[in-house]
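Visitor: I am new to this structure and would like a close look at a single part of it. Please take me through that part slowly, and then show me where it sits in the whole.

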Amino acid sequence: MAAAADGLGSISLDTSQLNMAVTDPAAWATAMNNLGMVPVGLAGQQLVTDLPPPSTRERPPGCKTVFVGGLPENATEEIIQEVFEQCGDITAIRKSKKNFCHIRFAEEFMVDKAIYLSGYRMRLGSSTDKKDSGRLHVDFAQARDDFYEWECKQRMLAREERHRRKMEEDRMRPPSPPAIMHYSEHEATLLAEKLKDDSKFSEATTVLLTWIERGEVNRRTANQFYSMVQLANSHVRRLMNEKATHEQEMEEAKENFKTASMGILTQFEQIVAVFNASTRQKAWDHFSKAQRKNIDIWRKHSEELRNAHSEQLMGIRREEEMEMSDDDSIGSPSNKRPRVDESALAAQAYALKEENDSLRWQLDAYRNEVELLKQEKGQLFRTEESLTKDQQLQFLQQTLQGMQQQLLKIQEELNNKKSELEQAREEHTHTQAVLKILQEQLKKNTKELAETNGHNEPQANEINVMTVPLVNQDREKNSEKRSQPLKSEKEALLIGIISTFLHVHPFGANIEYLWSYMQQLDSKISANEIEMLLMRLPRMFKQEFSGVGATLEKRWKFCAFEGIKTT
């Protein structure tokens, strides 16, 4: 240790062979002081700053090991450790026989301190022997341990970054939807109960939609799915009621806005009146110039606001007038309908349609059961049970025929109800017109009777004489309307196109096929309009039914030529 201390104390600098970087003199002096060495230059002199940089290799990643060359031959590991431990903790020293060694430090920044020792001449004691002296050369060394630790650290940082990104993605990702259970009879009953509940309706519809898309509907489950679809349809009325309430609230809000805006407009008018009164000669002469200027500015600003607000109100009124005109055109005497009779007949028609739909679905269910029975019958032998099944099939066929007849009767009743509804509408319009005429005549006659009290009997006879021809004229007009069913040129054009189309199809065509053809010519026409037009002309078009069971179809045929032959 004494020799090591002597060697450390005798480290001297060969300025002629110095090769150090002095880019930052303050950092250089601080590093030398930390190492317990005198900086380059004499005491009391400035630091030499014009030295060339040291020739070092490129620093490897994670370098903690330095190469130290130019060591004295007699230098031991204890002396080397005592010299370089001032730079930091040393973990290992690997000394070679050829005057160099590798020193591994605990941290990377310690290598930067050790590099500053490059260029110093090291001498052991006061000996002048070449084996006891040497010029140090310190450089970066590439060690596998350093590179392995650096790679481990980089992998750890990458893992932390991936974990952080994953946590961020999981936090930003929307929650996944709940898993939908598979179809079973128990789950179907539970779903039907959920469909009845308004709060769980949306969740239940998603489950029903996924089941249908998965293909769970078959012959055995068709009835259950139909009942669930019917439950979903039952919510339509609730939604329409909610829509009506929201529309009513919107109308109330519009009315409140209108009243509030009217109040604001009246206040604007009052303010403008105040300004106009203040600008008159009696009051205007008593104000100063600055006051007059301010009053004039305020008056112009209030008038602009008043005009803008009044224009807004006028726009709202125009929109309301347009809506009222549309309502009047829709509710004109030619299009008015007796609400009482219409509501009653419409309710009956709707009930008949629902019964018709339910009977059709029952027919489909019976057909499915019949087909299942046929399949089971083909698999079994011809025994007494099969004979009983044949009897059941016959009974089912008979019931099907009876239900088809009921359907035909219901459809005939529907047509009769529609015709009665049209007749009631015409009679209602006729009676309203007669009542108006009679009221006008009564008003005129009462005035004349008040003027001339002595001529009551002849005027009453005149009233009776006047009312009778008017009633007869109305009846003649009503008969002319019935005899002339065509109301416009458009209806005549439609009848011509439909008659040519049905003449090309001798076996007839259903209303959907006819509507799809007519929609290519007029996209605004509906199937109901076409059907009502055909029903108004029974001598030109007739309705027939074809098919059995679910294949029952209503077809329209052109029969004008048959009517000409019979006449």
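Visitor: Leaving aside its neighbours within four places in sequence, which residues is Val68 in contact with?

Guide: The model shown here is predicted. In it, and setting aside neighbours within four places in sequence, Val68 is in contact with Phe84, Asn99, Phe100, Cys101, Ile103, Leu136, His137 and Val138.

Several of these names return in the largest nonpolar core, which has 24 residues. The residues with the most contacts inside that core are Val66, Val68, Phe84, Ile103, Phe105 and Val138. Two or more residues of the core come from each of strand 2 (65-69), helix 3 (77-84), strand 3 (90-95), strand 4 (100-105), helix 4 and strand 7 (137-140). A second, separate core has 18 residues, including Leu514, Leu533, Phe541 and Phe558.

Asn99, one of the residues in contact with Val68, is placed in the loop between strand 3 and strand 4. Most residues other than glycine have a negative phi.

The backbone nitrogen of Val138 lies 3.3 Å from a polar atom of the side chain of Ser118. Ser118 itself is in the loop between helix 4 (109-115) and strand 5 (120-123). With a relative accessible area of 6%, Ser118 is buried.

Now the empty space. Rolling a probe the size of a water molecule over the atoms shows where such space is left. The model has 1 cavity of 30 Å³ or more, and the largest cavity holds about 30 Å³ of space. Its lining consists of Pro60, Pro61, Cys63, Ala141, Gln142, Ala143, Asp146 and Phe147. By class, 6 of these lining residues are nonpolar, 1 is polar and 1 is charged.

The second largest pocket holds about 640 Å³ of space. Of the 22 residues that line this pocket, Tyr226, Gln230, Asn233, Asp357 and Trp361 lie nearest its centre. Helix 8 (222-233), helix 9 (235-278) and helix 12 (339-379) each supply at least two lining residues. Helix 12 gives the most, with 10 residues. The lining of the second largest pocket is made up of 10 nonpolar, 7 polar and 5 charged residues.

Lys490 belongs to helix 15 (residues 489-504), and at 49% relative accessibility Lys490 counts as partly exposed.

Finally, the whole. The protein has 18 helices and 9 strands. Of its 567 residues, 25% are buried. Among contacts between residues at least 6 apart in sequence, 65% join residues at least 24 apart. To return to the request, Val68 is among the residues with the most contacts inside the largest nonpolar core, and its own contacts include Phe84, Ile103 and Val138.

Methods: Residues numbered from 1 in each chain as written. Predicted model: local features only at pLDDT ≥ 70, side-chain atom pairs only at ≥ 80, totals over all residues. Heavy atoms only, no water. 1 Å grid on protein atoms, 1.4 Å probe; cavity = no way out; pocket = protein on both sides within 12 Å on 5 of 7 lines; lining within 4 Å. Points joined across faces, edges and corners; volume = space filled by probe spheres on them. Nonpolar A, V, L, I, M, F, W, Y, C, P; charged D, E, K, R; others polar. Helix = DSSP H or I, 4+ residues; strand = E, 2+ residues; numbered from the N terminus. Buried < 20%, exposed > 50% of the residue type's maximum accessible area, 1.4 Å probe, protein only. Polar contact = N/O pair within 3.5 Å; in protein donor to acceptor, adjacent residues only side chain to side chain. Core = buried A, V, L, I, M, F, W, Y, C linked by side-chain atoms within 4.5 Å. Contact = heavy atoms within 4.5 Å.
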